[in-house]
Amino acid sequence: ALERALEPPPADYADLVGRLTAALAEHLATDRHAREAARVALAAPEAAAAPFRAARAAVLRDWFQKAKAQLGVSAPDGMDAAAVNAVLIAGIEALAVAGSYAGVTLSEAGDRARVSRALQRLAVGAYAARLPEGGSGA
């Protein structure tokens, strides 16, 4: 599912992140085993879930590193891409596990398309925005 996110090649890092997060949302929406694994990882005590979370993070990190190298893209200088991507992924997993949030669900194709567009906009916004030195954006 994630490999399809690279066709056609993303234009830049923001496009890559938008596509990766949309592919993850689609995967969690359509694969009940993946969704249940995410649910268990979120609900389990930290010590019990740590190995699973580490393995999942390693898979995503490795895929993302390969994709960046293959495409020749990288995060903008000075951007904490790990934090931005972690927030996006956590939001996707929470939505998938909750089933519905604020009237949006991943179980409906129309809502999945809305979520995909929102993720693309969030990625573009996050990676295009420049905060003042030491700024919080608040």
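Predicted model: local features only at pLDDT ≥ 70, side-chain atom pairs only at ≥ 80, totals over all residues.

Trainee: Great. Where does threonine 105 sit?

Mentor: Threonine 105 belongs to strand β2, which covers residues 104-105.

Trainee: And is threonine 105 buried or exposed?

Mentor: Buried, because its relative accessibility is 12% and the cut-off for buried is under 20%.

Trainee: What does the side chain of threonine 105 reach at 2.6 Å?

Mentor: That would be the backbone oxygen of glycine 99. The threonine 105 side chain also makes a polar contact of 2.9 Å with the side chain of serine 107.

Trainee: Which residues does threonine 105 touch, leaving out those up to four places away in sequence?

Mentor: Gly99 and Ser100, plus Asp111 and Arg112.

Trainee: Okay, new topic: how much space is in the largest pocket?

Mentor: About 410 Å³. Its lining consists of 16 residues.

Trainee: Which of them lie nearest the centre of the largest pocket?

Mentor: Look for Ala57, Leu60, Arg61, Asn85 and Ile89.

Trainee: And which helix gives the most to that lining?

Mentor: α3 does, with 8 residues. At least two lining residues come from each of α1 (13-30), α3 (46-71) and α4 (81-98).

Trainee: Last one: how many of the lining residues are nonpolar, polar or charged?

Mentor: The lining of the largest pocket has 9 nonpolar residues, 5 charged ones and 2 polar ones.

Methods. Residues numbered from 1 in each chain as written. Heavy atoms only, no water. Helix = DSSP H or I, 4+ residues; strand = E, 2+ residues; numbered from the N terminus. Buried < 20%, exposed > 50% of the residue type's maximum accessible area, 1.4 Å probe, protein only. Polar contact = N/O pair within 3.5 Å; in protein donor to acceptor, adjacent residues only side chain to side chain. Contact = heavy atoms within 4.5 Å. 1 Å grid on protein atoms, 1.4 Å probe; cavity = no way out; pocket = protein on both sides within 12 Å on 5 of 7 lines; lining within 4 Å. Points joined across faces, edges and corners; volume = space filled by probe spheres on them. Nonpolar A, V, L, I, M, F, W, Y, C, P; charged D, E, K, R; others polar.
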